[in-house]
Amino acid sequence: MLIDFNKSEDEIENEAKLDSKDENGYHNWLKNLITRELVKRDFMIIRDYNNFFGKLKSLRIRADYKNIIITENRALDALDLSKKINTILAEKFRI
């Protein structure tokens, strides 16, 4: 991330602290930062990235905050979605 965004670790940490307040938390800030950079690199991939991310987030909310049993199939779906997101990130960024 340091190379991809041409920022030092301190710059990223400071930006995260400041901007995460405006974007309702660190995870939202980071997702938005990555999304903005993906738009610059390959805007065609944004739909897939946001779709996979949204589905994974929905599954996490169900697992963490609702009294719903997560089946093995849903768990496998979550694993598949996370692999798809990782593939996009690995192709577009130096990880």
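Trainee: Which pattern does the chain follow when read along the sequence?
Mentor: Keep in mind that this is a predicted model. Its secondary structure comes to 5 helices and 0 strands. Read along the sequence, the chain therefore follows the pattern α-α-α-α-α.

Trainee: What box do the C-alpha atoms of the chain fill, and what percentage of the residues is buried?
Mentor: Taken along the principal axes, the C-alpha atoms fill a box of roughly 40 × 30 × 20 Å. A residue is called buried when its relative accessible area is under 20%. Of the 95 residues in the chain, the buried share is 26%.

Trainee: How much of the contacts with a separation of 6 or more comes from residues 24 or more positions apart?
Mentor: Contact here means heavy atoms within 4.5 Å. Among contacts in the chain with a separation of 6 or more, residues 24 or more positions apart account for 48%.

Trainee: Let's turn to helix H3. How far apart are the end C-alpha atoms of H3?
Mentor: H3 has 17 residues, and at 1.5 Å a residue they should span 24 Å. The model agrees with that expectation, as the end C-alpha atoms of H3 are apart by 24 Å.

Trainee: Is Thr35 buried or exposed, and which residues does Thr35 touch?
Mentor: Thr35 lies in helix H3. Its relative accessibility is 13%, so Thr35 counts as buried. Leaving out residues up to four places away in sequence, Thr35 touches Ile46, Tyr49 and Asn50.

Trainee: Which residues of H3 are buried?
Mentor: Thr35 is one of them. The buried residues in H3 are Trp29, Lys31, Leu33, Ile34, Thr35, Glu37 and Leu38.

Trainee: How far apart are the end C-alpha atoms of helix H4?
Mentor: Helix H4 covers residues 46-65, which is 20 residues. At 1.5 Å a residue, H4 should span 28 Å. The model agrees, with end C-alpha atoms apart by 27 Å.

Trainee: Which helices do the buried residues of H4 pack against?
Mentor: The residues in question are Ile46, Tyr49, Phe52 and Leu59, which are buried in H4. They pack against helix H3 (26-42) and helix H5 (72-92).

Trainee: Which element gives the largest share of the lining of the largest pocket?
Mentor: About 490 Å³ of space lies in this pocket. The elements that give two or more residues to its lining are H3, H4 and H5. The largest share, 7 residues, comes from H4.

Trainee: Which residues lie nearest the centre of the largest pocket, and how does the lining divide?
Mentor: There are 20 residues in the lining, and those nearest the centre are His27, Phe53, Leu56, Lys57 and Arg60. By type, the lining divides into 12 nonpolar, 4 polar and 4 charged.

Trainee: How many salt bridges does a search of the whole structure find?
Mentor: A salt bridge here needs a side-chain nitrogen of Lys or Arg within 4 Å of a carboxyl oxygen of Asp or Glu. With that cut-off, the number found in the whole structure is 6.

Trainee: Which residues are linked in a network of salt bridges?
Mentor: Start with Lys40 and Glu37, whose side chains meet in a salt bridge at 3.6 Å, N to O. Both lie in helix H3, 3 residues apart, about one turn of the helix. Lys40 counts as exposed at 66% relative accessibility, while Glu37 counts as buried at 12%. The linked residues are Glu37, Lys40 and Arg41.

Trainee: Which residue forms a salt bridge with Asp64?
Mentor: Asp64 is partly exposed, with a relative accessible area of 48%. The closest N and O atoms are 2.9 Å apart, and the partner is Arg60.

Trainee: Which residue does the side chain of Asp80 meet in a salt bridge?
Mentor: Asp80 is partly exposed, with a relative accessible area of 39%. The two partners both lie in helix H5, 4 residues apart, about one turn of the helix. With 3.3 Å from N to O, the side chain that meets Asp80 belongs to Lys84.

Conventions:
Residues numbered from 1 in each chain as written. Predicted model: local features only at pLDDT ≥ 70, side-chain atom pairs only at ≥ 80, totals over all residues. Heavy atoms only, no water. Expected span 1.5 Å × (residues − 1). Buried < 20%, exposed > 50% of the residue type's maximum accessible area, 1.4 Å probe, protein only. 1 Å grid on protein atoms, 1.4 Å probe; cavity = no way out; pocket = protein on both sides within 12 Å on 5 of 7 lines; lining within 4 Å. Points joined across faces, edges and corners; volume = space filled by probe spheres on them. Nonpolar A, V, L, I, M, F, W, Y, C, P; charged D, E, K, R; others polar.
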